[in-house]
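Let's take a walk through this complex together, one contact at a time. Have the sequence and the 3D view open as you read.

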Amino acid sequence: MKIKVLLSMVLALSIMFSLSGNAPAAEPYNLGVALGFTGTGTLYSKDQMEGIQVAVDEINKEGGFLKKHPIKVFQQDTQTKPDVGVRTVKDLILRDKVRAVINDYSSAVAVAVKPICREYKTLHIAAISNSENITKINYSPYTFQVVPNSYMQAKAASYAVAQMAKTKGWKEYVTLSSDYEWGRSTQEEVVKDLKKVAPFLSVKKELWPKLGETQFASFVTSIMSMKPDFVYACLASKDNVTFTEQAKPYGFFDKIPYVGSMQSVTELITEAKTMPRGLVAISRAPFFAHLDVPMMAEFVKNYRAKYNGKYPSDWAVMGYDAVYALKQGIEKAGSIDTEKVKDAMKGLTVNLTRGKLQFRPIDNQLRCSSYVGVVKDDPKYPFPILAELIEIKAADSERPEAEIIAARQAEKK
Amino acid sequence: MEFTFLFSQFMSGLTYGLMLFLVASGLSLIFGVMNILNFAHATLWLIGAYICFTFWSLMEAHQFALWVSIPLAALATAATGWVCEVVLIKRIYKRELHEQLLITYAMALIFGDLIKIVWGPTDRLIVRPSIIQKPLFLFGAPIDSYFIFVILIGVAVAVGLWWFLKYTKYGHIVKAAVYSREMVGALGIPIPKIYTWVFTLGIFIAGLAGGVQSAIGSVTLGMDMNIIIQAFCVVVIGGFGSLMGTLVGSLIVGEVFSFAILYWPDGAMVLIFVITAMILIVKPWGLFGTPLRA
């Protein structure tokens, strides 16, 4: 009888335990998001956050990472300033105990945050900031980049221009670059690259408007009088807008192909009415380039459902991909332990909206594509898209590993 | 080089020159009459551009939005200028030139930050009415059709100022004050009031120029610091305080810059500074200016 009572008690206790969850509740995964919600990066950061949120919602619906670690997002504003970025990321790590930080629009902020994440052994995902130096030098095993970096984008542009030049029979071009360090060095790189990939092209004239030029009319008429086959522009972003606005009333873009500006889906949507058609533009992750990838199609559907029919921009796509890259790193590690996840992500091939892509082991740069196309209206969308799209794969645009090793050795000296 | 392209380049230079004239004429007028070197002039010009954008965005749906916004921006900027004169400028009439420059430079920085607070760091873009979105062809050369409006405004301001100074009673008082403010004061004419209105008029023209500029490209932070240097070049070449000098100086700068882009792009900006330096050496008071008042 006593044994029966004892057994019943043991049985009752074990049922109680199992009902209340005898294992301790799975720990949530604290994910930090430190973006420039104010300052120059506002627009892109807002879009990126939306992409992150869609991914988090989807993953949490299935129970979170590893189906048991619900993601808890801690959001901070870096104001697109490196000093504020450092402060907010420290807060996220020390106060909110985040295991990973997605950060920032500004490369300057991402570069400043990198050593903090390394110091506190926290994963750092640069989802949209694309300076090559985030991963090339001062290497951190905790930092991963899911956006095509500045080197890849510059190479991609040259590659695409060379292809266009061949098909369209272009021979001469004019460069138009802002007269300061970035403008000069980018122009120099472009001319050097084009000499290699399209030796039949020659520079007709180099024009150097000063940074912040407000009157481009003389440049516009001067270029039109030279009748080049195309113009390669390396203008700082604001100057690029001013130039296009002033060149448009001359019918400039109907006559001369204008290459070199970055037009993400954000610009294609916000400047839908004003953006000149015919621009040859570069982009980082346009959704319409990969609608054949089921993950992208699903993302676009979910994103539009959540945000009143709005189409996701490049920044939203990369924000979404950043969370899914982390998810697949955690799945490979089988744990949310940061050290294990960091090791698992090194060289990992991940399935993202942009296809199956690998993190390059030497620098943790995602081997993603860049995109070059012509701004054209498309009846499928209420804004222009990049038509005649050329996808330049990482293999054709990434910096050779030997150069990265040399840069790191030079850094040590 | 074909005539059409040379003509097109000439028209670009003419417009550029007249835009500079709109900025520099107020600067020169204020200096000529009040002896105030206003470094914040271009920042008030930029405020005019931002105000124009604000008015335009309120009426965006209408084709007339831009045409109404420009004069409204000029008036609102003039009101800002009036407040500046009454609150601050009035107190620095008798200060040394370098002190005035420092104070007005501080004003430029303060206004720059105020712009950031009010309008934010994002570029502001005005969509032009459809009537001026297509090029106009003159002698076969493509011309931005909005530039015809810019040229008309430039000419109207030049003629209006000339008429005001030559044929109106207040114009005569202003001209007299340039030469001897004490004598004008002794005649019972309230000099401080005249100064307030001259300053307000100068800033009105700056606001008008800002409104006109706002439809030429995006309105962005820092535009003022670029144009103020060129405006100073214009008044140095033409002569501080001389309307005719400012007009001629503006056209010289505009055309030299425009044709240099065509033939010697690397030296386009340098040429303007070389001309400015040469004028300073050979004719320190500019082509049409008179020696500075003691």
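Two strands pair if DSSP finds at least two bridges between them. Helices (H or I, at least four residues) and strands (E, at least two) are themselves DSSP runs, numbered from the N terminus. With that in hand, look at the hairpin of strand 1 of chain B and strand 2 of chain B: two residues lie between the strands, and F139(B) takes a positive phi near 50°. Strand 1 (residues 135–138) of chain B runs antiparallel to strand 2 of chain B, and four bridges join them. One pair to find on screen is F137(B), whose bridge partner in strand 2 of chain B is P142(B).

Before going further, a word on what you are viewing. This is a predicted model, in which local features need pLDDT of at least 70 and side-chain atom pairs count only at pLDDT 80 or more, while totals for chains, interfaces and linings use all residues. Residues are numbered from 1 along each chain as its sequence is written, and chains are lettered from A and ligands numbered from 1 in the order in which they are written.

How confident is the predictor in chain B? On the pLDDT scale, which gives the predictor's confidence in each residue from 0 to 100, chain B has a mean of 89, and 98% of its residues reach 70 or more. Within chain B, helix 3 (residues 65–87) has the highest confidence, at a mean of 96, and helix 7 (residues 181–186) the lowest, at 81. For the complex, the predictor gives an ipTM of 0.75 and a pTM of 0.70.

Now turn to where the chains meet. Counting two residues as in contact if their C-beta atoms, placed from the backbone, lie within 7 Å, chain B contributes 37 residues and chain A 26 residues. On the side of chain B that touches chain A, helix 1 (3–34), strand 2 (141–144), helix 9 (223–238) and helix 10 (243–263) of chain B each supply at least two residues. The largest share, eight residues, is that of helix 1 of chain B.

Two of these helices also pack within chain B. Axes here are lines fitted to C-alpha atoms, for helices over the stretch in contact, and angles run from 0 to 180 degrees between N-to-C directions. Helix 9 of chain B packs against helix 2 (residues 41–59) of chain B at about 130°, with the axes 8 Å apart. Helix 2 of chain B and helix 9 of chain B are therefore oblique to each other, since angles under 35 degrees count as roughly parallel, over 145 as roughly antiparallel, 65 to 115 as roughly perpendicular and the rest as oblique. Among the residues in this contact are W45(B) and L46(B) of helix 2 of chain B, and I227(B) and I228(B) of helix 9 of chain B.

Helix 10 of chain B, in turn, packs with helix 11 (residues 268–282) of chain B at about 145°, with the axes 8 Å apart. Here I252(B), V256(B) and F257(B) are among the residues of helix 10 of chain B that meet helix 11 of chain B, where L271(B) and I275(B) are among the partners.

Finally, chain A holds an open sheet of seven strands in the order 7-6-8-9-10-13-14, with mixed pairing. Its edge strands are strand 7 (202–207) and strand 14 (385–392) of chain A. Strand 6 (residues 172–177) and strand 8 (residues 230–234) of chain A pair in the parallel sense over five bridges, and T175(A) has Y232(A) of strand 8 of chain A as its bridge partner.
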